[in-house]
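Q: I'm new to this one and would like a close look at a single part of it. Could you take me through that spot slowly, and then show me what the rest looks like around it?

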Amino acid sequence: MTDPVIVASGQTYERAFIKKWIGLGLIVCPKTRQTLAHTNLIPNYTVKALIANWCESNNVKLPDPMKSREAEFSPRFMDPRSRSQRIWRRQSERFIPRIISSPGIENKADLSGTETQVKKLVEDLKSTSVDTQREATAQLRLLAKHNMDNRIIIANCGAISMLVNLLRSPDAKTQENAVTALLNLSINDNNKTAIANANAIEPLIHVLETGTPEAKENSAATLFSLSVIEDNKVKIGRSGAIGPLVNLLGNGTPRGKKDASTALFNLSIFHENKARIVQAGAVRHLVELMDPAAGMVDKAVAVLANLATIPEGRTSIGQEQGIPVLVEVVELGSARGKENAAAALLQLCTNSNRFCSLVLQEGAVPPLVALSQSGTPRAREKV
């Protein structure tokens, strides 16, 4: 997506496609089929930032939004036989659950066979045998990994509550399989809600505190996935998850630190969570992770930019020697890193003469002037 927007149902779509859908007079959500209460389109800045960060990390150039908008009205785009339409359909099928009105015999057989298999595995989750539980969680983890239909079937067969219970399993491998299965299931938006409603947040915190390194990583990733839903940002923040996430940020594996920072970024979008993140000591770890050797500059500075919007965050950034590294990112960072560093410095300078002086002492003016000429639109605005 180049311009993700949220519709009334809470689902996110590319603006050009959903505008075309609504323009045809369709007032139901394409994914859930629920009637839209209104047709307003709200920019999804979280998804846009995640896409931009992923593209930057993987050296993928984002499409030009203007060209994307031009393509919306081009004859080739409208032609269902065109290559762009075929690619779009393939990509859609990978990520959107298919709504099957009248499946063929083969499709029915496939779904029926999977359902039978899943029901057996769910029964095995109830077993008193540790080996049986371990094998069942491993199988469900695998089934939920790549296939959206499987994720729906597994949820419909009642596996979610059983997997949540096994997050407290004394067997480390069963616990790891269970949290990874939930992570895979949470790719489906309806499952995000179901997992949160199954009271999974506190057991996920338990895994963050007691699990294997991989289990901790996947617990943090699951909390990030759940936090895409606004209500879950509130629940997760109030449940005590932020402290263990900050601990993982400071002491986890490289993958664990990345998962923790992504979860904290999403949680920091909800204002109430910002102070909790600062109080848990996140700023020190974030400043340390702005060392380019850690490979996490963009993730760390994105969280700092959010935390700089509250007084406690600005104070902590100053105390933890965050200003020099922010100036360094403005000068030497990626396009996205420069943008967020400039946003953080703006907050620091707007609210404190002392911080203003420190920013000047660090030699910020030349790189800021350079960024005003070459940065992204948001970076130039912040400069």
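This is a predicted model: local features need pLDDT of at least 70, side-chain atom pairs count only at pLDDT 80 or more; totals for chains, interfaces and linings use all residues.

A: You'll find Asn-199 in the loop that links α11 (189-197) to α12 (201-210). Its backbone is worth a look too: phi is positive, about 60°, although Asn-199 is not a glycine.

Gln-321 has a positive phi near 60° and is a residue other than glycine. It sits in a loop as well, the one between α20 (311-319) and α21 (322-332). With a relative accessible area of 53%, Gln-321 is exposed.

Now for some residues on the buried side. Take Thr-174, which belongs to helix α10, residues 172-185. Thr-174 has a relative accessible area of 0%, so it is buried. Who touches it? Once you set aside neighbours within four places in sequence, Thr-174 is in contact with Val-130, Gln-133, Arg-134, Thr-137, Leu-166 and Ser-169.

Ser-225 is next, in helix α13, which covers residues 213-226. At a relative accessible area of 9%, Ser-225 is buried. Leaving out residues up to four places away in sequence, Ser-225 touches Ser-186, Ile-187 and Lys-192. Asn-188 is 37 residues away from Ser-225 in sequence, yet the C-alpha to C-alpha distance is 9.6 Å.

Then there's Ser-316, in helix α20. Ser-316 counts as buried because its relative accessibility is 11%, and the cut-off for buried is under 20%. Beyond its neighbours within four places in sequence, Ser-316 is in contact with Val-278 and Val-283.

The crossing of α21 past α22 is left-handed. On the α21 side, the contact is made by Ile-323, Leu-326, Val-327, Val-329, Val-330, Glu-331 and Leu-332. On the α22 side, the residues are Gly-337, Lys-338, Ala-341, Ala-342, Ala-344, Leu-345 and Leu-348. Sorted by class, this contact has 11 nonpolar residues, 1 polar and 2 charged.

Helix α22 (residues 335-351) also meets helix α23 (residues 353-361), where the axes come within 5 Å and cross at roughly 130°. With that angle, α22 and α23 are therefore oblique to each other. From α22, Leu-345, Leu-348, Cys-349 and Asn-351 take part, and they meet Asn-353, Phe-355, Cys-356 and Val-359 of α23. By class, you get 6 nonpolar residues, 2 polar and no charged ones.

One more pair to look at is helix α16 (residues 254-268) with helix α19 (residues 297-307), packed at an angle of about 25° with their axes 9 Å apart. The two are therefore roughly parallel to each other. Here α16 passes α19 in a left-handed crossing. The α16 residues making the contact are Lys-258, Ser-261, Thr-262, Phe-265 and Ser-268, while α19 brings in Lys-299, Ala-302, Val-303, Asn-306 and Leu-307. That set divides into 4 nonpolar, 4 polar and 2 charged residues.

Finally, step back to the whole protein. It has 25 helices and 3 strands. Of its 383 residues, 45% count as buried. Among contacts with a separation of 6 or more, 63% come from residues 24 or more positions apart. The accessible surface comes to about 19300 Å², and 53% of that belongs to carbon and sulfur atoms.

Notes: Residues are numbered from 1 along each chain as its sequence is written. Side-chain values use heavy atoms; hydrogens and water are left out. Helices (H or I, at least four residues) and strands (E, at least two) are DSSP runs, numbered from the N terminus. Buried means under 20% relative accessible area, exposed over 50%, partly exposed in between (1.4 Å probe, protein chains only). Contact means heavy atoms within 4.5 Å. Axes are lines fitted to C-alpha atoms, for helices over the stretch in contact, and angles run from 0 to 180 degrees between N-to-C directions. Angles under 35 degrees count as roughly parallel, over 145 as roughly antiparallel, 65 to 115 as roughly perpendicular and the rest as oblique. A crossing is left-handed if the near helix is turned anticlockwise from the far one by less than a right angle, and right-handed if clockwise. Ala, Val, Leu, Ile, Met, Phe, Trp, Tyr, Cys and Pro count as nonpolar, Asp, Glu, Lys and Arg as charged, and the others, Gly among them, as polar. Accessible areas come from the Shrake-Rupley method with a 1.4 Å probe; for residues, only the protein chains shown count as cover.
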